[in-house]
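Here's a quick briefing to read with the model open beside you. Take a look at the structure first, then work through the points by topic.

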Amino acid sequence: MINVVSTMPSKSPSSESIPLILKSLPDPPLSHPVCPQRARRQIDLILLAIEALDLGGSEAILALAKELELQAVIKNRVTLWQLRSANPIRRSGQRRSLTIVEAKALVLIACNMARRLTVVIRQLLLAHQQLSEKQLSVEHHFRLYDYLQRFRAHFRSRMNPRRAAVVTYYSTEEQLNALALSLLRQLLFCTGTAGAQRFWASLFDGEVR
Amino acid sequence: MTIQRQYSLPNCKLVLEGLGTQEGVGAGKVRPLMTVLTSVECHFAGREQSLEGGRDFFEELVYGVSRYVQALMSGIPFRASHRDGLPRIQFQTIDANRHRLVVQSQPIGNGTSEEVEPVQIDLTTVQLFDLVEAVDQFFADAQTLPDLSLNLTPVPKKHAPSRQPLAQRTAPFALGLSSVALAAIALFFLPAPEIRRSEETRPGNNTADSLSPEAETTNQPDLGALESTLNAAPEITDLELLRTLQTVVYNQINQSWESGLDFEVDLAYRVGVNPAGEIVGYKPVDQAAIDNIQQTPLPGLLQPPAPAATETPEPLAQFRIVFEPSGRLRVGPWQGQAEPSE
């Protein structure tokens, strides 16, 4: 496994050209102005959950970047993939860090997408709640089953099966289902009026001075 | 003047009563500013009894639920500083989908100050969300108690419990082995990892139908023009970019390839990808590839360059992409291979 910091020229815009919308998220007081590991992982996994919910997910993410005028940060498909590869448990051989500006852009996109999927997210969580109460398995709800299946497939194809974290916490079907449901609950909170601010603050719990 | 404000969600309703000022009400429609809270009621769907209290109760409720939700989202519990005794409002996690709200000393109605049983309300995650959303709508309302504002700050390191083994085991960043990096570059020209498409059944009833309408609406690509695009373009030589594009195009095709598999031989194509990761041209390598093109996602993914752009063709990465009847997708560099003899 390769742990090499990308030496490509920095793509983050200078302070004058930071899109205004990113200012809605405050800069966390970190000792180094880069995104910590847990945050990088969490952002990628939330986007993964969105893609598992919505077939058109990855294209919608790019379209939304344009709509929110974030192309300075997320230029195209390649950039998006590079930013998401900052997740330490990904398979990709390239390792790079994620700047705070890049993280903010991804969080805003994720929360916007979550808002558009509010109805589905609530439906699936209600379905899971009802199935649990009746002690029925997830196969009894097609859409929920489909989401879990698609999430597991995406996770397995993109994450590095040799990382210790993956081996211990994210390898069995049961564990991946639990992760998928946990992300679905987080997505619910992302849909709220203060969803982006809440998600953003939670990413840095335990990381700031 | 007494003012009432309500924030309603399907499972939760907050009703605030208070006093306000007449300032700014002048020309009609501006809502009066509520500056003093006299009482608040919190109703949950399916429960007759509501939670009630004054300003102190309200502050504890809104900040308490806010911190609890943040802890749920991060997985990092919040250790409150206990000023004097138990906080009046507490949230406890019973399980992933049950959150217990415990309220000490709810009034019974006649204002007695006797000790009363704490009230316990179990909320599902969706009900909890409706509560915090009602609270957030209140915070967003600039005309109601503007001195109370949403104050989200991450839990500092020193207040978070010591890290779990997971975080410690997630390998530290360093140990960038430059020799491994060099080997990786040298190994670039090996074909990409082959990932077997999942065997799970798809909702297959619509895929066959959905492909044909798409083919009819998009113009049939002119294969001759596509081939000249591939031949005319300069090649991308940056190894790092090539490696990136190989993965990007693999993912793109893999995610879009949802059709039923109705062909019997490998379908191979020469595909040109621009530095933005877009497929700008492709050429089937043989008759079978031509005949079955609609079973691949390539026509739908094609983003031909604008006519003006063909004046100075952008550099392209060229790949050989193979769709196997087993559902396996292979992507590798195109090295000027002639028609395959297989």
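Start with the hairpin of β3(B) and β4(B): six residues lie between the strands, and B:Gly46 takes a positive phi near 85° there. Helices (H or I, at least four residues) and strands (E, at least two) are DSSP runs, numbered from the N terminus. This is a predicted model, where local features need pLDDT of at least 70, side-chain atom pairs count only at pLDDT 80 or more, and totals for chains, interfaces and linings use all residues. Residues are numbered from 1 along each chain as its sequence is written, chains are lettered from A and ligands numbered from 1 in the order in which they are written, and side-chain values use heavy atoms, with hydrogens and water left out.

**Around the chain B hairpin**

- β3(B) and strand β4 (residues 51-53) of chain B pair in the antiparallel sense over three bridges; two strands count as paired if DSSP finds at least two bridges between them.
- B:Cys42 has B:Leu51 as its bridge partner in β4(B).
- B:Ser50 sits in the loop between β3 and β4 of chain B. Is B:Ser50 buried or exposed? B:Ser50 is buried, at a relative accessible area of 11% (buried means under 20% relative accessible area, exposed over 50%, partly exposed in between, using a 1.4 Å probe and protein chains only).
- The C-alpha atoms of B:Ser50 and B:Val40 are separated by 9.8 Å, with the two residues 10 apart along the chain.

- Six bridges hold β5(B) to the antiparallel strand β6 (residues 98-103) of chain B; B:Gln92 has B:Arg100 as its bridge partner in β6(B).
- Contact means heavy atoms within 4.5 Å.
- B:Gly75 follows α1(B) and has a positive phi, near 80°.

**Chain A and the core**

- Chain A comes to nine helices and zero strands, and 61% of its 209 residues count as buried.
- The largest nonpolar core has 109 residues, and those with the most contacts inside it are A:Tyr147, A:Phe151, A:Phe155, B:Leu16 and B:Phe58. A nonpolar core is a set of buried Ala, Val, Leu, Ile, Met, Phe, Trp, Tyr and Cys residues joined through side-chain atoms within 4.5 Å.
- Helix α4 (residues 100-116) of chain A gives this core its largest share, 12 residues. Why call α4(A) largely enclosed by the rest of the structure? Because 15 of its 17 residues are buried.
- Not counting residues up to four places away in sequence, A:Tyr147 touches several residues, among them A:Ala49, A:Leu124 and A:Leu184.
- A:Leu98, in the loop between α3 (77-84) and α4 of chain A, is buried with a relative accessible area of 1%. Beyond its neighbours within four places in sequence, its contacts include A:Val34, A:Ile43 and A:Leu106.

- Chain A averages a pLDDT of 88, and 91% of the residues score at least 70; pLDDT is the predictor's confidence in each residue, from 0 to 100.
- Over residues 1-16 of chain A, pLDDT stays under 50. Where pLDDT is low, the predicted coordinates should not be read in detail.
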